[in-house]
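Visitor: I would like a close look at a single part of this model, with the numbers kept in view. Please take the contact between the two chains.

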Amino acid sequence: MASALSKPQNSSGGILPFLIKYNTIFIFVLLVIFSAFISDVFFTSVNLSNLLKQVSGIGIISIGMLIVILTGGIDLSVGSLVALLAVAFALLVNIFALPLAILITIMIGFGLGSVSGYLVAYQKMAPFIATLALMTVARGLGFIYSKGSPVTFETYGGLHISNFANNSFLGIPNIAIVFLIIVLLTMVMLRYNVFGRIIIAIGSNEEASRLSGIKVNKYKFLVYAISGALAAIAAIVVAGRTNLGSPNMGMAWELDAIAAVVIGGASLNGGKGSAINTLMGVLILGLISNILNLLNVPSYPQQVVKGGIIIFAVLLQRFENK
Amino acid sequence: MQNANKDYRLEMTGISKSFGIVSVLEKVDLKVKPGEIHALLGENGAGKSTLMKILSGVHQKDAGRVLLNGKEINPKNTHDGQVLGINVVYQELSLVNDLSVAENIYLHKLGASQFWMNWKKINADAQALINSLGFEIDVTAKVSHLSIVQKQIVEIAKALSEDPKVLVLDEPTTVFDPTDTQKLFDNLFKLKESGISIIYISHHLEEIFKIADTVTVLRDGKISGSQPINEIDTDGVIKLMIGRELKDLYPPRTVNVGATPIFEVKNLTAKDTLVKDVSFSVKGGEVLGIAGLGGSGRTETAKLIFGADQKKSGQLFLKGKEIKTNSPVDAVGYEIGLVSENRKEEGLFLPLSIQENISVTNFKAIAGKFGFVNKEKENNNIQNLIEKLNIKTPSAISPVKNLSGGNQQKVALAKWLSIDSKVILIDEPTRGVDVGAKVEIYHLINELAKNGVGVIVISSDMPEIMGIADRILVMKEGSIYGELSKAEFSEENILRYAIGKPLKN
């Protein structure tokens, strides 16, 4: 009998298995409820809008981190890339028209990501090492091109990035919309597009992918390049909000991005993870900072709480995998 | 009865072992005297390795007794075995590549003795040991820099460094040339004189007759004979190794072999493996078997054809036209499929669904513009294959890891059916598959052939390969040693070619 041979996963009912399966969303909802009780300011549109604006930059690079992690890799360079690309964007926007500056910045991001991609895919360098090197290089270049201080840019005419970055559409900040569109596209790509299906296959079993006739190197190269391009979009968003590009931006963002992806249930071995859960991971991390700020908790204890949440989330996933 | 015979160093009596429901050993006896070289023979899967693993402590026996020097022993792990004086040199090398030769030889003692490493003593002792074996290896060299022959010698030295009472050698000469083999034999004779009991596993019957005192043959997990070497000859040994009747597993089929070869291999030689000068052809509708002993280069040949390993020279022809398969991407482009012998590591994406596993070779057909998958096409294709192959699963989105071995193997096959492969290489089609699924897989192979596909089947299971193939090539040491037509099929003939002997008239 078919059913006797192999039981479907999580077939047993009950509330606990359900909560374990959707643990990321569960933690998120719990945090929202908790926050609403603990602070009057939390559910104000100003606060929620701020929260969304704050997480969008890290959120965008977290999506890049997700697709790299899905292949079984890691990208430590994204935080530094945000700094370098924000500086680059600030310099470019002082020279070129806005659309051209945006395009060039994204291309530079794609190019810098390609460097990691080339080293990992074609030179067989360990992703941790290749992107660690690029992380240092990018941070250094950021300081060189900015001469060590933030590069500001001026507002000319009607078309200006800070207008876009600081405004909202239907109450949702524009930059959060950019983030959410990226999440949505990634979701669709991972489920319905060959590219997404293949990177999951590679992360699940690289050798089997190779023996199935998949150009493994090409895809591994591309995920780092895309991660670089997403770092560029994050840089433009962040620079747009503040009207400057600073070499100190994006400090340790790569670690927050990894944390968000992991809280979202992705496996660092590759092959497992989803865009919607990464979005939850990003929001959870943002929420924790937000509520602790509202409660006037200083930043050092905040870090302790963040670390605790990461451990809790990953332990919950251990149950799920059983 | 505690009156153990003092004549024997090692007495294994009534050893039984099963893995799950599969019985691997049934009431096996093995008795070895001090200073004896005892040959242990049997086909692949006869249970030799399992018996040795029980002796050394890797596996635990289900029943039976093991006496060493008359005292019962129960090693729980290899360390226990080593302490008791039982050392095994396995077929698969188990050296640490990044350490030196000397460190590898004394690895088991590094943690035990002192806090500081006495490099001088370790290196001197190791060098003395290697020299005493008559080989030249610098013991300060890293193991990764050694040739495979040298590595094998280091393995043997490592086993000897522990003062073994019983030394087990599993196919030690596969990589040796005749000179090295002779040196090894000289060493074994020396060890024998010093009173060590040696259990020697080999497929090379001529070696056995050169060195062994006694021969014990296992067949299907049972002892089929144990005799002093001077009371038996090659034919006698082969008879003990085979002599099994073909069961009614293999569905008959009407062969409708095409006139011209669909696929030809000419003088194929590998860059990094032992495959050398392999030539053969397959006709559409033909099932070509490749037999040979483990390590004879069958899997490597398949991988070479498929582009998974690098070629040094040789040509491939598909329907008369020369093709180049420098990578699996090329091979798949020419509609050549490979079902790997190792489905869990190389064939399947275990955590992913059946659907995701099968579609991975087939995106060209099911994806439209910008690489978006046409879900309807995909679902239809998967549903067809699940029905056609009778894959037993609650749904197409169940993870493959939840399926039984037989159904997993069907998924691995389905990957290549979904792209209508012209040539399919199937390496060990039914390893770890239950009998019911076996028959289904044989039917499937027949049907592929009926549809004009050139099917190449590699198998260590001799009844299987004789049951399904139209023609069998037998490989030895990386080359094709001989070809058997259907009329010549017999386990004896396969085995004769596999060990490099001519057929009997």
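How much area do chain A and chain B bury between them, and what percentage of it is on carbon and sulfur atoms?

Guide: This is a predicted model, and the values below are computed from it. Chain A and chain B bury about 2,500 Å² between them, and carbon and sulfur atoms carry 62% of that area. The size of an interface is often given in this way, as the accessible area lost when the parts come together.

The polar side of the interface can be listed briefly. The rule finds one salt bridge across the interface of chain A and chain B. Its partners are Arg197(A) and Glu378(B), with 2.5 Å between the closest N and O atoms. Nine residue pairs are in polar contact across the interface of chain A and chain B, counting pairs with both residues at pLDDT 80 or more.

Glu207(A) and Arg210(A) meet through their side chains at 3.2 Å, N to O. The two residues are three apart in helix H11 of chain A, so about one helical turn separates them. Over all chains, the search of the whole structure finds 17 salt bridges.

Chain A has a mean pLDDT of 88, with 93% of its residues at 70 or more. Among the elements of chain A, the lowest mean pLDDT, 37, belongs to H1(A), while the highest, 96, belongs to helix H7 (residues 127-146) of chain A. Residues 1-12 of chain A have pLDDT below 50, and this stretch has 16 contacts in the model beyond near neighbours in sequence. Where pLDDT is low, the predicted coordinates should not be read in detail. For chain B the mean pLDDT is 87, and 94% of its residues reach 70 or more. Confidence in chain B is lowest in helix H4 (residues 107-110) of chain B, at a mean of 73, and highest in strand E18 (residues 454-458) of chain B, at 95.

The partner chain is itself divided. Its domain assignment gives domain 1 (10-241), domain 2 (251-335 + 422-505) and domain 3 (349-419) of chain B. The centres of domain 1 of chain B and domain 2 of chain B lie 32 Å apart over C-alpha atoms. Between these two domains, 10 residues of domain 1 of chain B are in contact with 13 residues of domain 2 of chain B. They bury about 1,000 Å², with 57% from carbon and sulfur atoms.

How values were computed. Residues numbered from 1 in each chain as written. Chains lettered and ligands numbered in written order. Heavy atoms only, no water. Domains from an automatic or database assignment. Contact = heavy atoms within 4.5 Å. Buried area = accessible area lost by both parts, 1.4 Å probe. Salt bridge = Lys/Arg side-chain N within 4 Å of Asp/Glu carboxyl O. Polar contact = N/O pair within 3.5 Å; in protein donor to acceptor, adjacent residues only side chain to side chain. pLDDT = per-residue confidence, 0-100. Helix = DSSP H or I, 4+ residues; strand = E, 2+ residues; numbered from the N terminus.
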